[in-house]
Amino acid sequence: MLLQVKFIAVCKKHLSLKKLLPESLLFLILLLNSCSPKQQNPDQINYFKTDSTIVQTGGVTMIPVTTPKGRYNVWTKRTGSNPKIKVLLLAGGPGFPHDYLEAFESFFPAQNIEFYYYDELGSGNSDKPDGNSIYSIDTAVEEIEQVRKALHLDKDNFYIYGHSWGGLLAMEYALKYQNNLKAMIVSNMCSSGKEFNRYVQQELTKQIPVEIMSRINKLAENTDYDNPEYINLVTKHFYSKFICRIPIEKWPEPLNRGFGKLNKSYYMKFQGPNEFGIVGDLKNWDISGRLKNITIPTLMIGAKYDEIDPLHIKWMSKQVKNGHYLYCSKGSHLSMYDQQNYYMKGIIDFIKKINHH
């Protein structure tokens with residue numbers, strides 16, 4: 001190969017290569033040159049490296065976690081390879097699987113960001129123990145810590161991203177284990193159940209026609225939540241305005257798939273039957289006064305049409321020691337879909353800024 005390169009260099013120096021060589025010989029040299037090995041990014045080499053001593057699973061790892069109720073397995077999946085940037089994605093709900101976060105796969109790999117899908121215990125592809133007594137914020141935080149250790153994430157590379165309920169868990173995790181984190185991203189989540197109820201009940205329900213809200217409340221009084229009429233009214237007048245503003249018939253497949261896999265009993269335990277107010281365990285949850293204890297770089301994301309007050313989220317970004325705020329002026333609770341490019345760019349820019357510090 002070295003002789004070939006030198007030969008071409010000499011030819012170019014003294015004569016036109018086309019004039020010197022027959023077309024067939026020129027084609028052969030160019031073909032050989034195109035087959036020469038190209039330099040690869042070390043991270044890419046590591047990502048595509050295969051350990052032939054074990055069965056490959058496409059990045060999927062089932063992680064055993066210990067809980068007060070026993071030992072179970074939770075599902076994770078790695079995409080990409082970057083020893084300096086590893087993002088663990090925490091889904092919303094509670095009880096939602098990772099599926100709707102698959103939109104990140106269209107953005108993170110191109111920016112060399114390694115990330116992990118993760119189905120919390122009780123959701124998606126993870127074990128689903130019977131009964132709800134196993135679930136609590138404290139056990140969920142300890143579960144994340146066990147997942148972190150299993151995936152070898154540490155303070156030099158570990159970014160935690162949480163959306164909605166996942167944002168709650170990310171903040172609770174940071175309050176206990178922030179020494180294991182490099183940075184945190186909290187998307188579309190408030191700091192208390194009381195604040196959630198205030199905004200929904202005093203601001204958002206007023207934007208729904210009185211007669212529609214009256215009918216919704218009537219059906220709710222009878223706990224008729226599975227009634228097609230109730231589902232249609234809530235979807236049309238609440239979800240389509242404050243959850244995802246893409247026309248419902250065009251909702252992305254991963255989002256619909258995620259809704260279809262919701263663990264309803266888990267959701268009911270913490271939230272209650274719907275988004276019109278928290279009546280479950282999160283009703284009295286409040287970390288507003290503890291935000292000042294979070295010192296790691298933190299990006300808070302709010303949206304104009306979110307079911308959570310964007311002004312409150314902006315306030316949260318000022319309570320943490322090293323806070324940043326991203327405002328999606330056209331987005332809702334699922335801004336990763338209805339203001340996608342702006343949302344993803346904001347997150348990527350934040351991660352890169354922290355990484356280059």
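**Overview of the protein.** Buried residues make up 51% of the 357 residues in the protein; a residue is buried under 20% relative accessible area, exposed over 50% and partly exposed in between (1.4 Å probe, protein chains only). The model is predicted, so local features need pLDDT of at least 70 and side-chain atom pairs count only at pLDDT 80 or more, whereas totals for chains, interfaces and linings use all residues. Residues are numbered from 1 along each chain as its sequence is written, and side-chain values use heavy atoms, with hydrogens and water left out. The secondary structure comes to 14 helices and 8 strands, where helices (H or I, at least four residues) and strands (E, at least two) are DSSP runs numbered from the N terminus. Of the contacts with a separation of 6 or more, 73% are accounted for by residues 24 or more positions apart; contact means heavy atoms within 4.5 Å.

**View 1. Aromatic rings around F238 and Y239.** Rings of Phe, Tyr and Trp (its six-membered ring) pair if their centres lie within 6.5 Å; planes under 30 degrees apart count as stacked, over 60 as edge-to-face and the rest as tilted. By this rule the protein has 19 aromatic pairs. One of them joins F238 and Y239, an edge-to-face pair with 6.2 Å from centre to centre and 65 degrees between the planes. F238 counts as buried because its relative accessibility is 0%. Y239 is also buried, with a relative accessible area of 17%. Ring pairs link F238 and Y239 into a cluster with F96, Y100, F242, W251, F259 and F276.

**View 2. Charged side chains over ring faces.** A charge sits over a ring if NZ of Lys or CZ of Arg is within 6 Å of the ring centre and within 35 degrees of the ring normal. R245 lies over the face of Y305, at 3.6 Å from the ring centre. K269 lies over the face of F270, at 5.5 Å from the ring centre.

**View 3. Packing of helices α8 and α9.** Helix α8 (residues 210-221) packs against helix α9 (residues 228-243) at an angle of about 140 degrees, and their axes are 10 Å apart. The contact is made by I212, R215, I216, L219 and A220 of α8 together with E229, Y230, L233, V234 and H237 of α9. Axes are lines fitted to C-alpha atoms, for helices over the stretch in contact, and angles run from 0 to 180 degrees between N-to-C directions. α8 passes α9 in a left-handed crossing; a crossing is left-handed if the near helix is turned anticlockwise from the far one by less than a right angle, and right-handed if clockwise.

**View 4. The loop residue T205.** T205 is found in the loop between α7 (193-204) and α8. Its relative accessibility is 17%, and T205 therefore counts as buried. Not counting residues up to four places away in sequence, T205 touches V200, M213 and F276.

**View 5. Prolines in the loop between β3 and β4.** P97 has its place in the loop between β3 (86-90) and β4 (114-119), and P94 lies in the loop between β3 and β4 as well. Most peptide bonds are trans. The peptide bond from G93 to P94, however, is cis, with omega near 5 degrees. P97 counts as buried because its relative accessibility is 0%. Leaving aside neighbours within four places in sequence, P97 is in contact with A91, D119, S123, G124, G258 and K261. P97 and R257 are 160 residues apart in sequence, yet 9.1 Å apart in space, C-alpha to C-alpha.

View 6. Most residues other than glycine have a negative phi. H152 has a positive phi of about 60 degrees although it is not a glycine. This residue is found in the loop between α5 (137-151) and β5 (158-163), and H152 counts as exposed at 63% relative accessibility. T223, likewise not a glycine, has a positive phi of about 50 degrees. T223 lies in the loop between α8 and α9 and is exposed, with a relative accessible area of 56%.

**View 7. Surroundings of N322.** N322 has its place in the loop between α12 (310-319) and β8 (323-328). N322 is partly exposed because its relative accessible area is 31%. Not counting residues up to four places away in sequence, N322 touches T295, I296, P297 and T298. N322 and K292 are 30 residues apart in sequence and 9.5 Å apart in space, C-alpha to C-alpha.
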